[in-house]
Amino acid sequence: MSQNSKLVEIYVARGEAEANIIKGVLDSYGIPSVMKAQASPSVHVFVIDGMGQISIMVRKEDAEDARELIKGEQE
């Protein structure tokens with residue numbers, strides 16, 4: 001992923017397992033992504049008041065395609 005690319009949040013996962021699934025879907029379609037957590041997943045195994053949530057970030061130019069892929073996987 002280029003250092004000049006602006007990253008945007010396209011999904012908030014409820015934990016590391018869900019985040020890895022979403023990242024895997026995006027990777028399989030050639031959309032690079034980054035997982036960004038508020039705290040270390042090893043510290044917050046469960047999501048309580050937002051702690052343990054993981055944001056899935058993609059390049060701004062990939063955001064629309066990424067959201068459509070995730071939406072399609074959830075239906």
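Modeller: Let's settle a word first: a residue is buried under 20% relative accessible area, exposed over 50%, and partly exposed in between (1.4 Å probe, protein chains only). Our model is predicted, so to speak of local features we need pLDDT of at least 70, and side-chain atom pairs count only at pLDDT 80 or more, while totals for chains, interfaces and linings use all residues. Residues are numbered from 1 along each chain as its sequence is written, and side-chain values use heavy atoms, leaving out hydrogens and water.

Colleague: Thanks! How many helices and strands are in the protein?

Modeller: Helices (DSSP H or I, at least four residues) and strands (E, at least two) are runs numbered from the N terminus. Reading from that end, the elements go β-α-β-β-α. The total is two helices and three strands.

Colleague: Which strands stand at the edges of the sheet?

Modeller: The three strands form an open sheet in the order 1-3-2, with antiparallel pairing; strands pair if DSSP finds at least two bridges between them. Two of them have a single partner each, so one side of each lacks a neighbour in the sheet: strand 1 (7-13) and strand 2 (33-37).

Colleague: How many bridges join strand 1 to strand 3?

Modeller: Look for Leu7, which stands opposite Arg59 in strand 3. Strand 1 and strand 3 (residues 54-59) run antiparallel, and the bridges joining them number six.

Colleague: Which residues does Ile10 touch?

Modeller: Contact here means heavy atoms within 4.5 Å. Leaving aside residues up to four places away in sequence, Ile10 touches Leu26, Ile56, Val58, Ala63, Ala66, Arg67 and Ile70.

Colleague: Which residues are linked in a network of salt bridges?

Modeller: A salt bridge has a side-chain nitrogen of Lys or Arg within 4 Å of a carboxyl oxygen of Asp or Glu. Arg59 meets Glu61 at 3.8 Å, N to O, and Asp62 meets Arg59 at 2.6 Å. The network therefore joins Arg59, Glu61 and Asp62.

Colleague: What is the N to O distance between Asp27 and Lys23?

Modeller: These two are four residues apart in helix 1, so about one helical turn separates them. Asp27, at 40% relative accessibility, is partly exposed, and Lys23, at 21%, is partly exposed too. Their side chains meet in a salt bridge at 3.6 Å.

Colleague: How many Å apart in space are Val34 and Glu9?

Modeller: Val34 lies in strand 2 and is partly exposed, with a relative accessible area of 33%. Val34 and Glu9 are 25 residues apart in sequence, while their C-alpha to C-alpha distance is 9.4 Å.
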